[in-house]
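Subject: Handover of a structure and notes on its contents

Dear colleague,

Please find below the structure that I am handing over to you. My notes on it follow directly after.

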Amino acid sequence: MQSEPGYIVHLLFVVITHTLLTTNLKRDCIQCSTGKFLVLLMIGGLAYLILTHSSQISSVNSLSKDIGTKKRDTVNVEGRFDRFWRKPPRLPPRLSPDEIRRNSSSIHGTKKLNAASDWISRQQSVKNAFIHAWSGYRNYAMGYDELMPLSQKGIDGLGGLGATIVDALDTAMIMGLDEVVSEAGSWIEKHLPERINQKDQVNLFETTIRILGGLLSAYHLSGGKQGKDLMHKGPKPIVYLENARNLADHLLVAFTSSPTAIPFSDVVLHDRSAHPSPNGLSSTSEVSTLQLEFNYLSSLTGDPKYRMESMKVLEHFKTLPKVEGLVPIYISPHSGGFSGENIRLGSRGDSYYEYLIKIWLQQLDSNLTYLHDMYEEAMKGVRHLLVRKSIPNGLVFVGELPYGFHGGFSPKMDHLVCFLPGTLALGATKGITKEKAMRANKLTFEDLENLKLAEDLAKTCFEMYSVTSTGLSPEIAYFNIEGSSEGGPDGGNKSSKYVHDIIIKYADRHNLLRPETVESLFILYRITEDPKYREWGWQIFKAFEQYTKVDSGGYSSLDDVTVLPPHRRDKMETFFLGETLKYLYLLFGDNTVLPLDEFVFNTEAHPFPIKRTTRE
Ligand code: DMJ
């Protein structure tokens, strides 16, 4: 059967031709020309509206699912009339006739054209996912740290500073979601100062990377000191900087009250006191993942105290004994020495290595070569002591030394380690493309080795997703190696080539919507320009959509990625909006947005400008 609009057009055609063919035109024109002309004009107009209307409805519907519930209500009431007159959706940039000819002159060209529009629509899907995540949070948890999407309520798991709002803000800015920017910005202006002054205990690291980092990048992206007013929404940029400074002034006590250069792990905001964790130790990654944020704040405010306090930590690390550049995952703020021998690039170790190279990149014009040296030595150590291949199919992975250099090797790899491919690639080319770096002869032997490892590890991280029934990675994977006694259950996807290479233990099968793999895919795509990284990112995004999306709003962590359907955990982590969706959006988008040789992303994906930092 014909589609409805097609059928109507057909009828109109019959009526019009019938009128024209069976009437004496001359007589009609003389007797009632004006009336007939108007009727024909109306019929023509109606036909035009039906044709354009039918092709626009679907796109308009997807756009009209806008952010706020208020807006959604209006659309329902006015929808029918509104749809005819609504502006058409924003289309991809038009190509010039020359470009169109060039592109369509070969099958290859046509394919390219389709591919470009595919990525634009995939990027739009990520934006829609962000809107869905935000609307869940906004409707049920506004002002709380995190959303519990199944219970439809909020929870303060990070000290009560409205963490999702601040963590998500710059993602909304990058996506051009003015309404979210306005809601988040207004909340920050109205409530954050009081929260910072009155809340109880917060973790120094989490508060720095998510809240301080989020405020600083929001300040820059909203126009910063120049007051460029790029976003036209939300409060004046200075509001973000004032909150950042106030927060950092509260956090500084973690450094100043410690007897060594190593800060305490927790701060009580309302009385500005600092405290060690219950076992008296700080995590290595936590104390060494504060400097990008504190340095940038010093540059913006002109007050050196933030930089000085935080950089003391790394100057101290420089003096400590290491195993081929590798360090244990605990350090004592009381003695200033490492505690235990457990070496890994997963939890509590990860971003120590990430910040060595990123702080060096951020401060290119200052004398911090010791950080680059520490990074390079550590990566050599990783390649020598921690990298192995799985059997039977040779996936390259990074294992652990739980008992130090003299103890045994463990083939365990946290999903958190998947930040490493991106960091290795960034460290190798300093953010420019591999091709450009090769042409300029800028890659050393070490850089090339690191780049190779980056590509191998990115594949492994992707296979940690595709080996499971849901297509989502577990929190921890073990790898089968020669002579290992590990053994254990697989990920459930029997058609994966790597089903026997990867073991997933029962306790490690959860997925917290973490970003590390898509973060690395984004950086590797920018640097190698290999489209496979985008395709892998798209597979992962589809799996998040299929298994973690909650109808009423938000996305949920999962208990077990190896079973279908997976049981949901009722928690949406702030980094899903701050990192995971931001990296996917950038991965599918234009390479010139936030170029990696001009911006450094903190460990929570908040971008800070590199070159302007010290001069602003
Ligand atoms: C984030 O808070 C940061 O990326 C941190 O460095 C590691 N863990 C989470 C995301 O998984």
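Helices (H or I, at least four residues) and strands (E, at least two) are DSSP runs, numbered from the N terminus. With that naming, P392 is found in the loop between strands β9 (387-389) and β10 (396-398). Please keep in mind throughout that this is a predicted model.

The chain as a whole

The chain contains 21 helices and 15 strands. It has 616 residues, of which 55% are buried. Among contacts with a separation of 6 or more, 69% are between residues 24 or more positions apart.

Cis peptide bonds

P392 is joined to I391 by a cis peptide bond, with omega at about 5°. A cis peptide bond also joins L564 and P565, where omega is about -10°. P565 is placed in the loop between α20 (532-548) and α21 (574-587).

Helix α16 and its two partners

Two packed helices are described by the angle between their axes and the distance between the axes. Helix α16 covers residues 420-429, and helix α18 covers residues 445-466. The two pack at an angle of about 155°, and their axes are 8 Å apart. Angles over 145 degrees count as roughly antiparallel, so α16 is roughly antiparallel to α18. Their crossing is left-handed. On the α16 side, the contact is made by L420, P421, L424, A425, G427, A428 and T429. On the α18 side, the residues are D447, N450, L451, L453, A454, L457, A458 and C461. By class, this contact has 11 nonpolar, 3 polar and 1 charged residues.

Helix α16 also packs with helix α19 (residues 516-528), at an angle of about 30° and with the axes 7 Å apart. Angles under 35 degrees count as roughly parallel, and α16 and α19 are therefore roughly parallel to each other. The crossing of α16 and α19 is left-handed. The contact is made by L420, P421, G422, A425, L426 and T429 of α16, together with S520, I523, L524 and I527 of α19. By class, the contact of α16 with α19 has 7 nonpolar, 3 polar and no charged residues.

Helix α12

How many residues of α12 are buried? In this helix (residues 291-301), 11 of its 11 residues are buried, and α12 is mostly covered. Among the buried residues are the charged-class E293 and the nonpolar F294 and L297. Just after α12, G302 takes a positive phi of about 80°.

Two buried residues with polar contacts

S217 lies in helix α8 (residues 204-221). Its relative accessibility is 0%, so S217 counts as buried. The side chains of S217 and D170 are joined by a polar contact of 2.6 Å. Leaving aside its neighbours within four places in sequence, S217 is in contact with D170, H606, P607 and F608.

Y137 lies in helix α5 (residues 107-141). Is Y137 buried or exposed? Y137 is buried, because its relative accessible area is 0% and buried means under 20%. The side chain of Y137 reaches the backbone nitrogen of G143 at 3.1 Å.

Q152 is not a glycine, although its phi is positive, at about 55°. Q152 is in the loop between β1 (146-148) and β2 (153-155). At 35% relative accessibility, Q152 counts as partly exposed.

R348 likewise has a positive phi, near 75°, in a residue other than glycine. The place of R348 is in the loop between β8 (338-339) and α14 (350-362). With a relative accessible area of 34%, R348 is partly exposed.

Yours sincerely,
A colleague

Key
Residues numbered from 1 in each chain as written. Predicted model: local features only at pLDDT ≥ 70, side-chain atom pairs only at ≥ 80, totals over all residues. Heavy atoms only, no water. Axes fitted to C-alpha atoms, helices over the stretch in contact; angles between N-to-C directions. Parallel < 35°, antiparallel > 145°, perpendicular 65-115°, else oblique. Left-handed = near helix turned anticlockwise from the far one by under 90°. Contact = heavy atoms within 4.5 Å. Buried < 20%, exposed > 50% of the residue type's maximum accessible area, 1.4 Å probe, protein only. Polar contact = N/O pair within 3.5 Å; in protein donor to acceptor, adjacent residues only side chain to side chain.
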